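Reader: Got a model here. Can you walk me through how it is put together?
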Amino acid sequence: MKWPYWWTAKYPSEAERAGLEGTVVLNVTLDTLCQIQDKRIVEDIGVGCGEAALESIDGKFELALMQSNKFKCVTGSHPVLVHFKLEE
């Protein structure tokens with residue numbers, strides 16, 4: 001698996017109305033069972049995007065991460081990039 005890992009999140013309506021685009025950088029810590037032990041915002045673009053990115057890191061993230069890594073867990077802290085881009 002290559003880090004950083006890219007992930008998606010629901011676009012906050014206020015950020016979408018403001019036309020805000022960019023990438024939120026998170027740091028996610030995984031335990032030996034590949035479960036999330038900690039998640040933090042490292043770089044935020046504002047207007048609710050950082051919070052939306054944090055909320056998107058859940059059980060679906062854990063499963064996607066395991067599947068992309070052939071069900072082998074990579075423990076420790078890892079960067080996760082959540083990109084917000086308006087559809088054209």
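Reader: How many bridges join S2 to S4, and do they run parallel or antiparallel?
Author: Nine bridges, and S2 and S4 run antiparallel. Strands (E, at least two residues) and helices (H or I, at least four) are DSSP runs numbered from the N terminus. Two strands pair if DSSP finds at least two bridges between them. This is a predicted model: local features need pLDDT of at least 70, side-chain atom pairs count only at pLDDT 80 or more, and totals for chains, interfaces and linings use all residues. Residues are numbered from 1 along each chain as its sequence is written, and side-chain values use heavy atoms, leaving out hydrogens and water.
Reader: Which residue in S4 is the bridge partner of Gly22?
Author: Phe84. Phe84 also touches Cys49, Ala52 and Ala53, among others (contact: heavy atoms within 4.5 Å), not counting residues up to four places away in sequence.
Reader: And S1 to S4, parallel or antiparallel?
Author: Parallel, with three bridges. Trp6 stands opposite Leu81 there.
Reader: Switching to H2. Which residues are buried?
Author: Cys49, Gly50, Ala52, Ala53 and Ser56 (buried: under 20% relative accessible area, 1.4 Å probe, protein chains only).
Reader: Why are they on the same side of H2?
Author: Because they cover an arc of only 165° around the axis, taken from the directions from the axis to the C-beta atoms.
Reader: What do they pack against?
Author: S1, H1, S2, S3, H3 and S4.

Note on methods: Buried < 20%, exposed > 50% of the residue type's maximum accessible area, 1.4 Å probe, protein only.
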